[in-house]
Every structure is written in C-alpha cells, then in structure tokens.
Amino acid sequence: MNYHSPSSFEEASAIAAQAGGTTRFLAGGTDVLVQLRADIVTPDDLIDIKHIPGVKEIARTDGGGWRIGVAVAGAEMTECAELCADWPGVVEGMDLIGSTQVQGRATLVGNLCNGSPAADAVPGMIAAGCTVTVTGPEGTREVAVEDIPTGPGKTALAKGELITAVTIPARGENGGDAYLRFIPRTEMDIAVVGCAVNLRLDGDTITEARVSLGAVAPTALLVEEAAQAIIGTTLDDAALDALAAAASAACNPIDDKRGTIEFRTHVAGVLARRAAKIAYARAKGENA
Amino acid sequence: MALDGQKTAYKYIGTTPNRPDGLDKVTGRARYGADISVPGMLHGAVVRSPHAHAKIVKIDATKALAMEGVKAVITRADFPEGLEGEDWDIQENCMAGEKALYDGHAVAAVAATSPLVARDAAKAIEVTYEILPHVTDVDEAMKEGAPVIREGAADFSVPEGLHPNVVRYFDSGRGDLDKGFAEADLIIERSFTTEAAHQGYIEPHACLGQMGADNRGELWVCTQGHWFMRRMSTAVLGIETTNIRVTPSEIGGGFGGKTTVFIEPLSLALSRKAGGKPVKMVMSRNEVLRATGPTASASMDVKMGMTKDGRITAAHGTFRMQGGAFAGAPVDVTTMLAFANYDIEHVHHIGYDVITNRPRQAAYRAPGAPMAAFATESVIDELCRELGLDPIDTRLKNAAKEGTRATFGPKYGPIGFMETLEAAKAHPNYSEPLGPNQGRGVASGYWMNWGGETSASVAISEDGSVTVSVGTPDIGGSRASMALMAAEAFGIPYENVRVNISDTGALGVNEPTHGSRATYASGLATIRAAEECIGKMCKRAADKWGIDPEAVVWEDGCAKPSGPNAGEFPPMTIAEIAGEMGGTGGPISGHYEDSPAGFSGSFGTHVVDVEVDPETGRTTILRYLVVQDAGKAIHPAYVEGQFQGGAAQGIGWALNEEYIYGEDGRLQNPVFLDYRVPVASDLPMIDTVIVEVPNPGHPYGVRGVGETGITPPLPAVANAVRDATGKRICKLPLRPSRVLAAIQGKEV
C-alpha cells in the first residue's frame with residue numbers, strides 16, 4: 001500500500017488519476033480505516049487529504065451560506081453554534097453518526113462518499129440543497145449532493161476526482177430543517193429509515209420544501225412529490241397524510257436483517273410526518 | 001432469620017469497598033488475554049468454512065507455506081483420532097474433520113511471524129468443498145427429510161422414529177395431568193420461540209500457547225476456568241492433562257461462553273508444529289459471533305390450567321432446542337426449571353435436543369432457564385389477565401417455599417421466592433401510574449446454583465497480612481468478595497487481604513467460575529482455609545503462653561486467652577504471631593478442598609414498565625426493577641451489579657438480539673452493529689432490591705446471584721409489551737417490525 005499526503009487538491013487528484021489499483025481518500029478514516037482493519041477493502045493507494053490547507057475550516061460564504069471543509073469532524077460542526085442555529089437538521093444528521101470518539105473524526109464528505117444508502121448525514125444535506133465542489137483532471141465542477149451517490153458503495157465521481165468542500169446555502173428567513181432516523185436502539189446503530197425535511201414559511205404557509213429519504217432505496221432520495229404534498233399548506237393533518245403517503249410511495253427498499261420492505265415503507269411515512277413537524281416548528285422560531 | 005451456627009453480625013460482610021482489581025482495570029494495567037506477549041512469538045489465524053454444511057474435499061496449503069514468515073499450518077490431520085463422546089465433539093468443533101458443520105467452522109490454522117502475514121496466509125490456504133444441504137432451524141431440523149447433520153449422534157434416550165437430528169430426549173413429571181387440567185377453570189396453551197443469543201462479552205477469545213515436541217507447555221488464556229481449559233485442550237491433543245500449565249488472564253466477560261475451548265488447542269498444536277515457538281491467537285468479533293457459543297434457540301409449547309381464584313392446577317411443557325451441530329442444548333435444564341417457581345401437583349415436561357448447522361452452543365447465564373421462563377411466565381400472565389387476577393398475588397398463591405416439593409424432584413430448603421414477590425409488590429415502581437402506550441410486566445425466575453470442585457489456600461505473610469489463592473477467575477468482583485470473607489474470618493482489615501487467582505500448577509482442580517458458584521464455593525473454601533490458619537495461630541499463641549490450644553480464642557485479629565481460667569496474657573495480634581512464625585513452627589497456611597453440596601438456589605422477580613411507539617413498534621424501557629434473593633450479600637454493590645447485568649442481557653435478548661441466518665445458512669449479522677446488544681442509553685438505571693434469606697449451606701449464608709437475573713426479563717418485557725399494546729407476541733425478539741406487525745393486526 002502506498003500512503004500519500006498531498007498538500008493540494010490538485011496534487012491529490014493527480015495521484016488518484018495515476019493510481020493503478022484500488023484508491024481511497026483518507027480524511028476522518030472512520031470508514032476507510034475500519035474497512036482496512038476488517039479486511040474488507042485494502043487500498044493500493046491511500047491518499048491522506050487531511051493536510052491540505054483549509055480542509056478543517058467551517059466558513060461563511062459570501063452569500064451567507066456555509067462552506068464545510070472535507071476534514072471537518074462532526075463534533076466541530078456540533079460545536080459551531082451559528083451553524084447549528086442555521087441548519088439544525090444538517091448538523092443533527094451528522095451528529096447521529098457513531099460514538100463520541102467517531103464524532104471526533106467522521107466527516108460529511110466521508111459519509112457521502114462511502115456511498116451507503118443509509119448514510120445519516122446525506123438526507124439532511126440533500127434537503128438543505130447542499131452542493132459539493134469536485135476537483136478532477138478535467139477541472140472543477142459544482143454538483144448537487146443528491147447526484148453524488150449512484151448506488152450502494154458507488155458515487156458519480158470519476159477516476160481522479162475528489163470532493164474539496166461542501167456548500168450549504170444561506171438559511172434565509174423563516175426556514176427550518178430536521179432529520180430523523182429510525183433505529184431499534186437509541187444510538188450507535190445504522191438507520192433503518194432516515195428522513196430529512198427542509199422548508200420555508202410565509203406566515204403559517206409552507207412556500208418551499210425539500211424532503212429526502214435515506215435507507216429506503218439504493219441511494220438517498222430527493223422526493224419531489226413529498227415536498228409538493230406540503231407546499232402551500234399549513235402542515236395540517238391532510239397535508240401530513242399526503243406527505244406520509246408520498247414518502248412511503250417513493251420507497252424502493254430491500255428486505256434485509258435491518259428491516260423489511262413493509263416496515264421501511266411504513267416508517268418512512270411516519271418519520272416524514274415527524275420530521276416535517278419539527279422543521280415547521282423550527283421555521284416558526286420554536287425550539288424543536 | 002437466624003440459623004444455628006451461622007454468623008449474623010458482621011464487621012466487613014455487607015460493606016462495599018473498592019474492588020482490589022479496580023485500579024488496574026481503570027488505568028489499563030490489567031492484563032487481558034491479548035495483552036500477553038513473549039519474545040519470539042508467532043501469530044495464529046484460522047481458516048473458517050463459509051458454508052453451513054459441506055464436505056471438505058481437499059485442503060491445499062502449498063501457497064501459504066511458501067509465503068515468507070509462515071511457520072506452520074495445521075488441519076485435523078494434526079490431531080489424534082479415536083476420541084469419544086464430548087471429547088470428540090470438542091475436537092470436531094475446534095477443527096472440522098470430514099465436514100464443515102456450520103458457517104465459521106474452523107478447517108485449518110496457520111502460524112506466522114506477524115498477524116498480517118498469518119491473515120494473508122490463511123487466505124492463501126485453498127479448501128475445496130462439496131456443498132451439502134443444510135438446516136439451521138430447530139423445528140425444520142426435526143422434520144422428515146431434513147438434512148442429517150451426523151448419523152448415529154443420538155444417545156440411548158431418544159425414542160425410535162424420531163429424526164436422526166434429535167440426539168437427546170427428556171421426559172419427566174409427576175401427578176395426573178388429566179386430573180389437574182380437569183380441576184382448572186381456565187386452560188391456556190401457547191407456542192413460543194426464542195432465537196439464539198450470544199453472551200456478547202466485550203473481550204474476544206485470546207490466548208498464547210506454547211508446546212514443544214515433548215508435548216509439554218504452557219497456555220496463557222482468557223477463560224472462566226483454567227482447569228476445564230487444561231482438561232479439554234489436552235484431551236483434544238491426546239496428551240496428559242498435567243503436561244500443560246494454564247494461567248488465566250483477566251477476563252472481559254464470559255457469561256458461560258468461556259467455559260470451553262475454541263482456539264486454545266490450535267495455538268498449542270501450531271506451537272508444537274512451529275518448533276515450540278509460542279503462538280498467540282486473538283479472535284475477531286466476526287469469529288466470536290460465527291464460531292463460539294451462542295446459547296440455544298428454542299421452540300416451545302406450554303399448557304397450564306388455573307382455578308378462578310388463581311391456583312395452578314396442572315402444567316405441561318414441550319421444549320425443542322437446537323444447540324448447533326453437537327448434542328448439548330440445555331433442554332434438560334429447561335425441563336427442570338420450566339415450572340420450578342411454583343408448587344404444582346400435576347406437571348409434565350418433554351425436551352428434545354436437536355442438532356443443526358449452527359455453531360456449538362456454549363453455556364450462557366442460566367443456560368436453558370430464560371427460554372422456559374419466557375413460555376411459562378407468559379402463559380401465567382395470560383391466565384391472570386383472563387381471570388382478572390393480580391400477577392404478583394397469583395404468583396404468591398402458587399409460590400414454592402421451604403418444604404415445597406420442586407417440580408424437578410427435591411424438596412426446597414429455606415428459599416426466598418415469596419419474599420421477592422412481596423418486596424416487588426411493595427416497591428413504588430409497582431404502583432407508578434402508566435401513560436398512553438405504556439405497559440407493565442411482571443415475571444419471576446429461578447436458578448438452582450452450583451457448588452463444584454473447589455480448592456483454595458490461605459497463607460499468612462510475615463507482616464500479618466494474608467494471601468488468598470483461589471482457582472476461580474474473577475469475572476464479576478469475586479476477589480473483593482473473597483477478601484471481605486477472609487477479612488471477616490480473620491477479623492483484619494479488607495486492605496490486608498490480597499486475593500490471587502492461581503494457575504493450574506498451584507491448587508487442586510477447580511471448576512470454572514460458572515453456575516453462580518464462585519462466591520459460594522470459593523468463598524466457603526476461603527473461610528474454611530482461614531479457619532485452619534486461625535487454629536494454627538491459636539496453637540502458636542498457646543505454645544508461647546504455655547497453655548492448652550483449646551484455652552485460646554480468636555477475636556478481632558488476635559489470639560486471646562479464652563477466659564480468666566486460661567491465664568492472664570496480653571492478646572497476640574496476627575502480625576505478632578506472623579512475625580515470629582519462622583521460629584515457632586514455620587510458615588502458617590490453611591487449605592480447603594471440597595465439592596460443596598450446600599449450595600441453594602436464588603429466586604427473582606422483575607417488574608418492568610415499557611412504552612411502545614404505536615407507529616413504529618419500537619419499545620422503550622421506562623423503569624426496571626430486579627428483586628432477588630442473595631442469601632447474604634457479601635459486597636452489595638457487586639450483587640446489584642449482577643442483578644442489573646442479568647436484566648440488561650435479558651432485555652437485549654427480549655428486544656433485539658438474535659442470530660439471523662440467510663437462505664444460504666450463513667450468519668447475516670456477525671458484527672455488533674447488527675447483533676444488537678443494548679447500549680447504555682437504551683436502559684434506565686435498573687432498580688434493585690436485595691432479599692436476604694440466608695443459605696444454611698454457607699457459613700455466611702451466601703447464595704449465588706449471577707444467573708437468576710437473566711431469567712425473568714424475557715417474559716417480563718413480553719408481558720409489558722402485551723400490557724402496552726394489547727397484543728401477545730410469542731416470538732422473541734420483540735424487534736420493532738414484529739411488534740408493529742402485531743399492532744397492525746398481522747400474524748407474527
């Protein structure tokens with residue numbers, strides 16, 4: 001195994017582009033190193049991107065949004081009060097991953113690039129409308145988070161490409177987001193279903209919404225029908241019913257040891273309702 | 001209650017000093033199985049079958065042996081032939097012979113100069129399999145046409161006409177069932193299943209074995225019982241027992257699962273083949289879950305009759321259990337204990353021990369009892385509901401007490417079941433108001449406890465401090481308990497006692513720390529050995545004073561004249577006597593050995609409140625109460641710890657823990673992410689009440705407390721979920737998808 005420690009993303013990209021066998025980028029390592037130790041994936045080239053300047057920064061963008069570096073750990077996001085105030089749903093998705101120790105290492109981009117359909121940080125980013133900056137041999141492009149995963153363990157990143165930062169849009173006025181997951185236990189578990197809702201209000205009426213589901217399809221989903229079910233409503237019971245039905249209808253899960261198709265489909269609707277209520281309350285400025 | 005000749009007033013017993021091993025454990029100084037390293041050692045790795053059932057056609061280690069750093073490869077051919085009975089079973093389980101019998105079964109092992117080389121070499125060993133049909137479910141394995149795991153595995157007890165996978169059969173009971181059921185106003189019969197649950201100890205199996213061409217050597221190992229380890233390892237290798245000295249490490253949990261051998265004989269065989277270099281082996285969690293012992297899974301039918309006023313008139317139970325590819329599912333214990341809490345005149349039990357393509361089961365905390373309790377206590381709960389009776393009052397009405405003829409035969413001596421029920425009823429948890437979607441469950445359980453072969457020594461040091469040497473590894477604070485009992489016997493401070501867990505070279509044979517026996521049996525031996533020392537010290541004082549030894553008494557750590565007639569001498573402290581012992585007759589020590597038969601069982605009653613999310617089926621434990629008879633709590637904090645630990649493991653078994661097999665017979669969840677033991681935040685603080693009805697068979701009244709605590713949680717949680725949801729679920733675990741389906745009115 002070759003270990004590389006590039007000092008720029010361009011250098012990292014060049015190493016990856018020239019590498020022959022299995023390549024892994026190393027930031028927090030909470031997937032890569034675990035898979036290495038468990039003899040699941042032994043990379044031929046391990047490219048450590050933690051030492052590239054700026055990767056550990058949480059910064060405001062010019063437009064009032066946020067730029068999260070690729071080596072920012074979950075714990076650092078949780079401790080950033082302004083970020084938590086703007087995007088509690090994005091932060092809580094990240095915060096649910098692993099233990100306190102894992103939170104000291106795990107990153108948003110790592111969670112995204114691991115490609116798990118059950119990744120907890122991903123639905124929150126999709127609902128928020130986050131994008132990622134991708135650098136590769138062909139230059140740099142901006143990609144919506146929902147376009148990165150293409151299947152279990154697979155991403156849309158081409159050979160030599162890597163993500164260099166996550167951009168979260170400006171929160172703006174009267175907005176709120178939330179992420180909920182279902183697990184049989186209380187922590188240290190993997191989502192059987194995950195759901196994020198992000199919405200904006202005009203008075204009591206929802207004017208914008210994005211709903212994302214995790215662990216119910218080969219990739220995290222952006223569910224347009226679920227958003228439409230609540231846009232223009234005050235999140236009354238009829239709207240919640242329509243939201244739950246749309247969320248369940250979008251599911252295309254598998255039966256496995258973690259949950260059945262039937263259970264996942266039902267619980268997706270339950271979580272969509274609950275997450276929407278929390279996001280709505282947050283948009284109204286309530287503590288939820 | 002006071003008993004003749006039994007102490008009732010104590011100075012040290014019942015206090016809660018820090019455990020002597022505590023500092024080592026919180027600072028990382030304690031040495032566990034994988035912490036033992038010696039110069040020049042090799043590292044072992046095991047090749048395991050990926051198939052549930054397969055003929056081993058060929059094992060080719062050519063490529064592995066050609067790798068740099070690979071020193072030895074072993075297969076079954078490196079072990080002796082001709083073993084019989086359990087010894088053959090253990091050998092076959094440690095290393096497959098003609099067939100791989102389950103996913104994870106060891107088929108070869110390798111020793112190399114580093115763990116990575118060993119791992120890569122294991123991957124380079126080419127095994128050719130011929131896949132055979134498999135069966136992993138107990139009911140399926142008994143059906144006509146089910147794949148036969150092994151012809152001729154059944155013993156004499158099995159009636160003709162049963163499938164060859166039924167290897168033992170149990171049938172016991174008394175009275176007249178027809179008469180008993182005729183007396184009942186209500187009869188309820190239900191069928192139940194429980195899944196295999198793993199002990200889930202945090203420390204994986206680990207050892208360092210060294211053995212030369214002369215078949216002599218040493219084994220450092222994480223185990224609950226190093227004499228068992230020695231006997232089984234040497235039997236598997238076909239060598240004399242005494243050839244191997246076994247030293248136990250600290251142990252990070254066992255719960256019964258570390259009372260047998262898995263990798264240890266392999267490390268010794270690899271060492272011998274590698275020219276006597278020590279070989280370290282450490283299991284991964286994947287290996288622990290696939291290849292060591294979970295407990296058995298069960299399929300059960302229980303029928304009970306009750307009168308309108310709550311008297312149990314008759315009980316019948318049929319229990320089918322699979323314990324993997326070998327005989328040994330604890331269905332014998334299941335039949336013994338199924339109705340043991342109650343005074344029932346007409347009772348009948350039938351048990352089937354069935355083999356399947358799963359790993360060989362190992363003991364797990366009260367082996368066989370929790371499954372039986374799940375069935376019996378669920379049926380009693382249903383009877384109470386249908387008849388409108390209070391579950392605790394009904395249990396009180398039927399409770400076994402001193403003099404009751406147990407459903408498994410003997411008459412009970414003094415026992416504390418009624419006391420646990422009364423304490424549970426009086427506890428505030430039992431009257432706490434419940435909210436929507438909340439429910440309360442009550443269940444009781446029992447474990448009969450054990451004595452077992454025991455050998456212990458106590459030696460007086462030159463300064464009057466004391467060394468206690470026992471042969472039972474300290475798995476739950478037993479060193480603190482031994483030190484307290486020695487301190488009490490000698491009348492010296494707790495801090496002046498040091499307790500060692502001796503190796504197999506230093507004491508007579510000791511059974512493992514199992515059967516809830518260590519505090520009882522090693523404690524008894526410690527007290528008796530201390531009394532021998534005291535007798536010797538009284539004699540030294542008597543000799544010095546020139547009086548009869550009978551005229552000397554031992555009080556508060558001193559020898560004293562027994563009264564004015566004995567003479568006027570200042571007391572001699574233990575330190576004074578010890579300081580002179582070289583010149584007054586030599587070292588002073590005491591020894592005791594026995595298979596003490598005065599053990600007595602422990603009853604427990606649990607009360608749990610749950611809340612079930614009606615939209616997801618997820619169960620939250622709100623409150624949990626354990627009431628259990630400890631006889632006499634030597635160190636009450638560790639007694640409570642045992643109560644709480646048993647409850648936590650039982651809750652896990654009830655809610656989410658299960659072995660999940662795929663269609664291919666492979667274990668789907670050999671990782672703690674998917675084998676879901678409860679995490680700390682899943683549980684509330686578990687409330688405890690220690691009942692003390694002294695056991696007359698122990699000088700201080702001790703009963704074992706380790707195992708009873710896992711027996712009531714399965715039915716207690718299921719009964720609470722029934723109360724919260726209105727649905728009786730007869731299958732464990734109560735995973736959310738199953739509970740939700742029940743709430744939605746579906747068949748589960």
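The structure is a predicted model, and it comes with an ipTM of 0.96 and a pTM of 0.97. For chain B, the mean pLDDT is 97, with 99% of the residues at 70 or more.

Chain A is built from 11 helices and 14 strands. Laid along its principal axes, the C-alpha trace of chain A covers about 55 × 45 × 35 Å. Buried positions make up 52% of the 288 residues in this chain. As for how the chain folds back on itself, take the contacts in chain A with a separation of 6 or more: 64% of them link residues 24 or more positions apart.

Turning to the interface, 15 residues of chain A are in contact with 19 residues of chain B. On the chain A side, helix H11 (residues 261–283) supplies the largest share, at three residues. Sorted by class, that side of chain A holds seven nonpolar, five charged and three polar residues.

Nonpolar side chains tend to be buried together in soluble globular proteins. Here the largest nonpolar core runs to 326 residues, and helix H15 (residues 518–545) of chain B gives the largest share of this core, 14 residues. The residues with the most contacts inside the core are drawn from both chains: Val197(A), Ala247(A), Ala272(A) and Ala275(A), along with Val110(B), Ala486(B) and Val717(B). One of these, Ala275(A), shows what such a spot looks like up close. Setting aside neighbours within four places in sequence, Ala275(A) is in contact with Ala178(A), Tyr179(A) and Leu180(A), and also with Cys195(A), Ala196(A) and Val197(A). Val197(A) in turn is itself among the core residues with the most contacts.

Over in chain B, Gly701(B) sits in the loop that links strand S26 (687–691) to helix H18 (713–725). Between the C-alpha atoms of Gly701(B) and Glu377(B) the separation is 29 Å, for a pair 324 residues apart along the chain.

Notes: Residues are numbered from 1 along each chain as its sequence is written. Chains are lettered from A and ligands numbered from 1 in the order in which they are written. This is a predicted model: local features need pLDDT of at least 70, side-chain atom pairs count only at pLDDT 80 or more; totals for chains, interfaces and linings use all residues. Helices (H or I, at least four residues) and strands (E, at least two) are DSSP runs, numbered from the N terminus. A residue is buried if 20 or more other C-beta atoms lie within 10 Å of its own, exposed if 12 or fewer, and partly exposed in between; C-beta atoms are placed from the backbone. Two residues are in contact if their C-beta atoms, placed from the backbone, lie within 7 Å. Ala, Val, Leu, Ile, Met, Phe, Trp, Tyr, Cys and Pro count as nonpolar, Asp, Glu, Lys and Arg as charged, and the others, Gly among them, as polar. A nonpolar core is a set of buried Ala, Val, Leu, Ile, Met, Phe, Trp, Tyr and Cys residues joined through C-beta atoms within 7 Å. pLDDT is the predictor's confidence in each residue, from 0 to 100.
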